[in-house]
Amino acid sequence: MQNNEEKFKKIIAHSKEYGFIFQSSEIYDGLSAVYDYAQNGVELKNNIKNYWWKAMVQMHENIVGIDSAIFMHPTIWKASGHVGAFNDPLIDNKDSKKRYRADVLVEDHMAKIEAKNQKDIDKARERFGESFDEAQFRSTNARILERQQQIDAITKRFYGSLEKNDLADIKALIEELEIACPVSGSRNWTEVRQFNLMFKTQMGSVSEDSNDIYLRPETAQGIFVNYLNVQKTGRMKIPFGIAQIGKAFRNEIVARQFIFRMREFEQMEMQFFVRPGEELQWFESWKQKRLQWHLNLGIGRENYKFHNHEKLAHYANAAADIEFNFPIGFKELEGIHSRTDFDLSAHQEYSGKKLQYFDPELNESYVPYVIETSIGLDRMFLAVLSNSYDEEKLEDGSERVVLHLPANLAPVKAAILPLMKKDGLAEKAREVMNQLKYDFNCQYDEKDAIGKRYRRHDAIGTPYCITIDHETLTENTVTLRDRDSMQQVRVSISELNEIIRKKLVVKFEE
Ligand code: ATP
């Protein structure tokens with residue numbers, strides 16, 4: 001197929017055209033790095049959640065779930081280290097006293113270079129008229145190429161420094177590029193400083209009485225502060241886990257990669273409480289279990305990589321990411337962290353409440369150690385979607401866009417298609433629909449030629465198309481078309497539920 005960047009653009013366009021993902025507030029020109037899940041997107045997302053929940057909670061006798069609130073006591077973020085940790089690079093102009101985000105200044109600078117290229121392109125288009133080929137012009141014109149190289153070099157250096165937290169180099173870059181303050185026009189800049197990534201709001205109606213509270217930047221803390229309640233009321237014995245799916249919010253700076261990095265996103269997290277000293281064994285075991293969860297979906301092993309962290313966060317004594325081969329390259333999809341007793345000890349200290357567990361086998365009390373598995377639901381969505389997107393050339397020379405989604409995740413499991421509306425076929429198709437819709441999410445579709453309807457369902461990844469024709473009326477059989485092979489077989493209506501059910505069975509290998 002085309003290169004990855006083109007593929008990524010196509011997936012984004014496909015997501016919109018086929019009702020998976022819309023830009024938030026689109027009619028108001030959108031809200032940056034915020035997205036809405038549309039009619040098919042929400043089904044796929046819910047199916048991913050269910051697959052995770054089933055594998056983690058239903059399949060493990062020692063793991064239970066919770067759903068904690070997004071708002072939490074502000075001291076929690078002090079205990080967790082989030083208040084006091086900083087994330088966005090800010091810079092002030094000493095003359096205008098205006099404050100800017102360093103990344104915005106650099107990006108504006110790059111946009112100006114790109115605008116020059118655009119101007120040259122517009123001029124050339126005027127000169128050459130109809131025969132003008134923009135792609136060719138971009139790849140051959142010396143001035144355009146030189147400017148593009150500048151943009152690439154700035155991008156590489158800026159994001160490299162940002163990743164390394166090299167704030168001095170970001171300032172040096174702003175100076176080297178001779179970026180001036182848009183208000184004062186001067187290049188008299190302060191040092192670059194970091195700012196907090198948490199969204200702040202107030203609780204209470206009168207501002208003087210109000211308390212600053214935060215939208216949670218991770219769901220994990222809701223589990224930690226409830227761990228003892230769950231342990232006691234659920235009579236859980238160590239080792240045990242608590243799972244949760246929920247929204248998290250981060251005021252991300254580098255938020256430009258579709259649903260890969262959003263300001264409002266969803267996490268699926270599980271915190272596993274273990275005896276101190278046993279955490280590294282559990283860490284290894286959860287790494288393997290989580291990888292297997294991904295592989296059980298049938299997405300090839302070559303698409304996953306472990307990335308073991310050399311530099312560890314202050315709370316961890318081991319950490320690894322499961323990286324996925326996204327169209328934007330191998331990137332973090334899930335994190336597995338051995339968080340020691342950092343969080344529970346901190347909450348014990350800040351709250352003044354004992355968070356110890358009495359271990360009846362050892363006959364002693366301790367603060368448990370924690371292994372965390374944390375996966376971004378939206379990133380998982382992107383992984384599944386991008387992996388299943390395919391443009392196929394068919395034998396008759398035509399093309400089809402198909403999503404080879406794992407059947408259990410597909411938004412619609414079966415499409416019910418009467419060959420034509422008349423002769424009682426529509427009524428018969430409704431009967432089939434009624435027979436299936438209680439068990440599966442099905443769609444009835446009678447509009448357009450049958451081939452067109454097949455394409456529509458290929459494009460949203462529907463595993464089966466069921467066609468009702470004249471033979472159905474006499475024989476009570478239908479044709480069942482498989483999305484991937486496009487093979488059609490004739491089966492009896494009475495077998496349909498069982499055939500679809502079998503297709504949706506997932507392996508829960510460990
Ligand atoms: P990154 O390094 O990509 O910013 P992170 O290491 O900060 O991610 P964690 O804090 O470990 O991420 O969060 C766990 C998971 O949550 C990540 O593996 C990712 O899948 C997801 N996640 C984190 N930030 C975002 C975001 N802004 N948008 C979507 N998903 C996210």
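In the predicted model, helix H2 (residues 39-58) packs against helix H12 (residues 377-388) at an angle of about 110 degrees, and their axes are 10 Å apart. Angles of 65 to 115 degrees count as roughly perpendicular, and H2 and H12 are therefore roughly perpendicular to each other. On the H2 side, the contact is made by Gly-41, Leu-44, Lys-45, Ile-48 and Lys-49. H12 contributes Leu-377, Asp-378, Met-380, Phe-381 and Val-384. The residues of this contact divide into six nonpolar, one polar and three charged.

Burial was also examined in helix H7, which spans residues 167-176. Asp-169, Ile-170, Lys-171, Leu-173 and Ile-174 of this helix are buried. H7 is followed by Glu-178, which has a positive phi near 55 degrees.

Positive phi values also occur in loops. Ser-25 is not a glycine, yet its phi is positive, at about 55 degrees. Ser-25 is found in the loop that runs between strand E1 (21-23) and strand E2 (35-37). Its relative accessibility is 34%, so Ser-25 counts as partly exposed. Asn-476, likewise a residue other than glycine, has a positive phi near 55 degrees. The loop that holds Asn-476 lies between helix H15 (470-475) and strand E22 (477-482). With a relative accessible area of 39%, Asn-476 is partly exposed.

The backbone also contains a cis peptide bond between Ile-238 and Pro-239, with omega at about 5 degrees. Pro-239 lies in the loop between helix H9 (227-233) and strand E9 (240-249).

Aromatic side chains were examined next. The count of aromatic pairs comes to 18. One of these pairs is formed by Tyr-35 and Phe-258, with 5.2 Å centre to centre and 80 degrees between the planes. Planes over 60 degrees apart count as edge-to-face, and the pair of Tyr-35 and Phe-258 is edge-to-face. The pair links distant parts of the chain, the two residues being 223 residues apart. Tyr-35 belongs to strand E2, whereas Phe-258 is in the loop between E9 and strand E10 (264-274). Phe-258 counts as buried because its relative accessibility is 6%, and buried means under 20%.

Another aromatic pair is formed by Trp-52 and Trp-53. Their arrangement is tilted, with 6.3 Å centre to centre and 50 degrees between the planes. Trp-52 is buried, its relative accessible area being 0%, while Trp-53, with a relative accessible area of 30%, is partly exposed. Elsewhere, ring pairs link Phe-260, Tyr-304, Phe-324 and Phe-326 into a cluster.

Charged side chains also lie over aromatic rings. Lys-305 is placed over the face of Phe-330, at 4.1 Å from the ring centre. Arg-339 lies over the face of Tyr-315, and here the distance from the ring centre is 4.2 Å.

Notes:
Residues numbered from 1 in each chain as written. Predicted model: local features only at pLDDT ≥ 70, side-chain atom pairs only at ≥ 80, totals over all residues. Heavy atoms only, no water. Axes fitted to C-alpha atoms, helices over the stretch in contact; angles between N-to-C directions. Helix = DSSP H or I, 4+ residues; strand = E, 2+ residues; numbered from the N terminus. Parallel < 35°, antiparallel > 145°, perpendicular 65-115°, else oblique. Contact = heavy atoms within 4.5 Å. Nonpolar A, V, L, I, M, F, W, Y, C, P; charged D, E, K, R; others polar. Buried < 20%, exposed > 50% of the residue type's maximum accessible area, 1.4 Å probe, protein only. Phe/Tyr/Trp six-rings, centres within 6.5 Å; stacked < 30°, edge-to-face > 60°. Lys NZ or Arg CZ within 6 Å of the ring centre and 35° of its normal.
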